[in-house]
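Biologist: I would like to learn how to read a few features of a model like this one, taking the general idea before each case. Could we go through it together?

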Amino acid sequence: MRITRRRNAIVLSITLGACLVAVAIALAVPWVIINWRSVILLVIGILFFLLLIAGLILNTIFLVREVKRNERHDSFLNAVTHELKTPITSIRLYLETLLRHEVPETQRKEFYDIMLSDTERLLATVEQVLKAGEIGQRARNQVRLQLLFDDVVRDCIRTTLQRYHLQESTIQFTVDPAAEQLAVVGNPEDLRTAVLNILDNAVKYSPQGPQLEVHLALDGDAWMMLTVSDHGLGIAPLHLKRIFTRFYRVPARNVFRIKGTGLGLFLVRSIARQHGGDVVAESEGEGRGATIRLQLPRALSSKEAR
């Protein structure tokens, strides 16, 4: 119902803008015909006409963007509500079962494992929302440390395998043997968040079974590149740049409805740019998998810095 109302608002805005442009043209044509002999009046009329048209077009674009932004905000709130409510409901159900019934020890342990998994999912959602809120307000002169980025990636891979209960063979990690120095200067927590979100995104969008290739290599003398490829749902060309926008989520893909808040890749891009790098997405189209490339400046060794 709310989505239909928003679409109607977009159609109304565009229609109103088009009608106003038509009225402006209808008024401008007689003005030009009447005053074509007076150069000054003609020039003034044409200038005001162009300004009026530009204002109407900009106003229509602004209205459409605002409607779409509000729609994304509502989608985000619905997604966050679901991501919070689902694990809480699950935990409550298992706790009530444990309180009201005699449960065998093996099943009790299984319940504990499920509740622990739900609390980790709940915590991950809360941390993601909090991180998105603070990422733009954090001072740029924050204290940063030099750390080995390949160690960060390995730690994130272990966390992802545990979080989704995956086999180690699910994620193949390779490091360019020619890469001698894979250090980066940055905030360890932020960099870990960026890598975790890339891996999390790749796993979630491989609903038929994730199979990830993760590769870390030097990109020139001053950069390093982390490449994460999957064989999942893929991304249509229209969405390749939009997926890094706050709250933006690719529309539902027929059978598959992927859970999420629309903040993961936004955080990745924000963190990458705060560290002097960037991130891009590549895909041959829907159903052909996707590749995320995270580029970060490399911390030069003392020999290289000379």
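**Reading the model**

Biologist: In which helix do E96 and R92 lie, and how many residues apart are they?

Modeller: E96 and R92 both lie in helix α2, where they are 4 residues apart, or about one turn of the helix; helices here are DSSP runs of H or I with at least four residues, strands are runs of E with at least two, and numbering starts from the N terminus. The model is predicted, so local features need pLDDT of at least 70 and side-chain atom pairs count only at pLDDT 80 or more, while totals for chains, interfaces and linings use all residues. Residues are numbered from 1 along each chain as its sequence is written, and side-chain values use heavy atoms, with hydrogens and water left out.

Biologist: What do the side chains of E96 and R92 meet in?

Modeller: They meet in a salt bridge, at 3.2 Å from N to O, the term requiring a side-chain nitrogen of Lys or Arg within 4 Å of a carboxyl oxygen of Asp or Glu. E96 counts as partly exposed because its relative accessibility is 27%, whereas R92, at 57%, is exposed; the cut-offs are under 20% relative accessible area for buried, over 50% for exposed and partly exposed in between, with a 1.4 Å probe and protein chains only.

Biologist: How many salt bridges does a search of the whole structure find?

Modeller: The search finds 9. One of them joins the side chains of R154 and D151 at 3.7 Å, N to O, and because these residues are 3 apart in helix α4 (residues 149-163), about one helical turn separates them. R154 and D151 also belong to a network of salt bridges that includes D150.

Biologist: Where do D155 and R192 lie?

Modeller: Their side chains form a salt bridge of 2.7 Å, N to O, and since D155 lies in helix α4 and R192 in helix α5, the pair ties together parts that are 37 residues apart in sequence. D155 is partly exposed at 26% relative accessibility, and R192 is partly exposed at 31%.

Biologist: How is a pair of packed helices described?

Modeller: One gives the angle between the axes and the distance between the axes. Here the axes of helix α5 (residues 188-204) and helix α6 (residues 264-274) come within 9 Å and cross at roughly 140 degrees, where axes are lines fitted to C-alpha atoms, for helices over the stretch in contact, and angles run from 0 to 180 degrees between N-to-C directions. The residues of α5 that meet α6 include L191, A194 and I198, and those of α6 include L265, V268 and I271, contact meaning heavy atoms within 4.5 Å.

Biologist: And how is a pair of aromatic rings described?

Modeller: By the distance of the centres and the angle of the planes. The count comes to 1 aromatic pair. Y94 and F111 form this pair, tilted at 50 degrees between the planes and 4.8 Å centre to centre; rings of Phe, Tyr and Trp (its six-membered ring) pair if their centres lie within 6.5 Å, with planes under 30 degrees apart counted as stacked, over 60 as edge-to-face and the rest as tilted. The pair links distant parts of the chain, with Y94 in helix α2 (residues 39-100) and F111 in helix α3 (residues 105-135), 17 residues apart.

Biologist: Are Y94 and F111 buried or exposed?

Modeller: Y94 is buried, as is F111. Across the chain, buried residues make up 40% of the 306 residues, and the chain has 7 helices and 7 strands.
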